[in-house]
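I opened my notebook to record what I looked up in one protein structure. The entries follow in the order in which I made them.

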Amino acid sequence: MSFLSKTLSRVKPSPTIAMTAKAAELKAQGRDIIGLSAGEPDFDTPENVRDAAKAAIDAGKTRYTAPDGIVELKQAICDKLLRDNGLAYTTKQVSVGTGGKQTLYNALMATLNAGDEVVIPAPYWVSYPDMVLLAGGTPVVAETTLEKNFKLTAEQLEAAITPSTKWFIFNSPSNPTGAGYSWDELKALTDVLLRHPHVWVMTDDMYELLAYDDFKFCTPAQVEPQLYDRTLTCNGVSKAYAMTGWRIGYAAGPEPLIAAMRKVQSQSTSNPCSVSQWAAVEALNGTQDFIAPNNEKFVRRRDMAVEMLNAIDGITCPKPEGAFYVYPSIAGLIGKTTPAGTHITDDEAFATALLEEQDVAVVFGAAFGLSPNFRVSYATSDEALKTALTRITAFCESLR
Ligand SMILES: Cc1ncc(COP(=O)(O)O)c(C=O)c1O
């Protein structure tokens, strides 16, 4: 009998790890690898946030805190949710965790029983299905299409819901596609949920502030206030504030759910880092002036990526509304062969050959549950991005 748990055996090893390890190995050999696989901004944490953390250290704010966060941060979160999203929460309805990832995980751990289903639109952030599996539930994947810009339709959501559905996980703008749902597109989904009162919504709004052009972010409880009592609104400071390493995420929802999440957290990690919590207070309450210039850079890079990728024969790349990813389809390249003789049978073969033959690291679509595609993160310098896209172009043109 295996020493390891049966639950763990249900979880797949991360398909991205092999690619990352391969890229690191080639880099160690002295190869000039350009990574387009990072899920984090290339900017520094803003100065006012760094200063707040230094001040917290000097003021001795270095001890345990309440397991799910200091009241000052919970209040800053309540103020943010009211200001930006029109959602009224009290501090008792807020949970702060070690990154957005932990708050999502706490919620699943606190609610799932064997047989409970969680509807997850694909392509999805890699962690959703495995977190559901770790918590003992069953992921139900609802595939979107490129034709609908990777957005789930009302019919697709309706078809995925069963009497066993407990949660619907919603993520806009999305990792890995960057797709952002308009008010009307989201309303079509919340209308479906109104017809299924046993289904709760876990909305992952992590990329809220990374929204471009005239796209206006909206979140389920705002679009359909009748869902307020069964919505967990999750967000964090990692992406928009360039604070991935600080590990602060949060969720707001019904008090009994928040209390249950606190129980999970208090018996696992206790509180998120005290210094990071004070930094997050400043991120939410302080100046937001750096967001617009950062977003201008992201828009410029997104436009360059979409334009260069669409110019390649065999690739189709929708232009996303937000985040820092594009998710091109390589349907037109499947079946071709590289100069080194690799047969492009699927998107994993494509990404592996691209790394080996052109020194560019991307993540293949199968990791996100929708193929044949790959994910480009354009959260890298303009120069590196241009060089990488030029290499991708050369690689695709070399296929026979
Ligand atoms: C969609 C989405 N949700 C949540 C997270 C986790 O964020 P954090 O780093 O705050 O745990 C990520 C990070 O990649 C993400 O892409």
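**Entry 1: the ligand shell.** I looked up which residues surround the ligand, and I found 13 of them, the closest being Gly-99, Gly-100, Lys-101, Asn-175 and Ser-238. By type, the shell divides into two nonpolar, nine polar and two charged residues. For these classes, Ala, Val, Leu, Ile, Met, Phe, Trp, Tyr, Cys and Pro count as nonpolar, Asp, Glu, Lys and Arg as charged, and the others, Gly among them, as polar.

**Entry 2: the source.** I note that this is a predicted model, in which local features need pLDDT of at least 70 and side-chain atom pairs count only at pLDDT 80 or more, while totals for chains, interfaces and linings use all residues. Residues are numbered from 1 along each chain as its sequence is written.

**Entry 3: the whole protein.** I found 14 helices and twelve strands in the protein. Helices (H or I, at least four residues) and strands (E, at least two) are DSSP runs, numbered from the N terminus. The radius of gyration of the protein is 21 Å, which agrees with the value near 21 Å for a compact globule of 400 residues. That radius is taken over C-alpha atoms, and the globule rule is 2.2 Å times the number of residues to the power 0.38. Along the principal axes, the C-alpha atoms fill a box of roughly 60 × 55 × 50 Å. Of the 400 residues, 49% are buried. A residue is buried if 20 or more other C-beta atoms, placed from the backbone, lie within 10 Å of its own, exposed if 12 or fewer do, and partly exposed in between.

**Entry 4: the two domains.** I looked up the domain assignment, which gives domain 1 (6-44 + 290-397) and domain 2 (47-285); such bounds come from an automatic or database assignment. The contact between them takes 33 residues from domain 1 and 31 residues from domain 2, where two residues are in contact if their C-beta atoms, placed from the backbone, lie within 7 Å. On the side of domain 1 that touches domain 2, helix H12 (291-310) and strand S9 (325-326) each supply at least two residues. The largest share of that side, five residues, comes from H12. I sorted the residues of that side into 16 nonpolar, ten polar and seven charged. The C-alpha centres of domain 1 and domain 2 lie 26 Å apart.

Entry 5: Where did I find cis peptide bonds? One joins Ser-172 and Pro-173, with omega about -15°, and one joins Asn-175 and Pro-176, with omega about 25°. Pro-173 lies in the loop between strand S5 (165-171) and helix H8 (183-194), and Pro-176 is found in the loop between S5 and H8.

I then looked up Ala-242, which has a positive phi of about 50° although it is not a glycine. Ala-242 sits in the loop between strand S7 (231-236) and strand S8 (249-252). Is Ala-242 buried or exposed? Ala-242 is buried, because 21 other C-beta atoms lie within 10 Å. Ala-323, not a glycine, has a positive phi of about 60° and is placed in the loop between H12 and S9. Ala-323 is buried, with 29 other C-beta atoms within 10 Å.

Note on methods: Near = placed C-beta within 6 Å.
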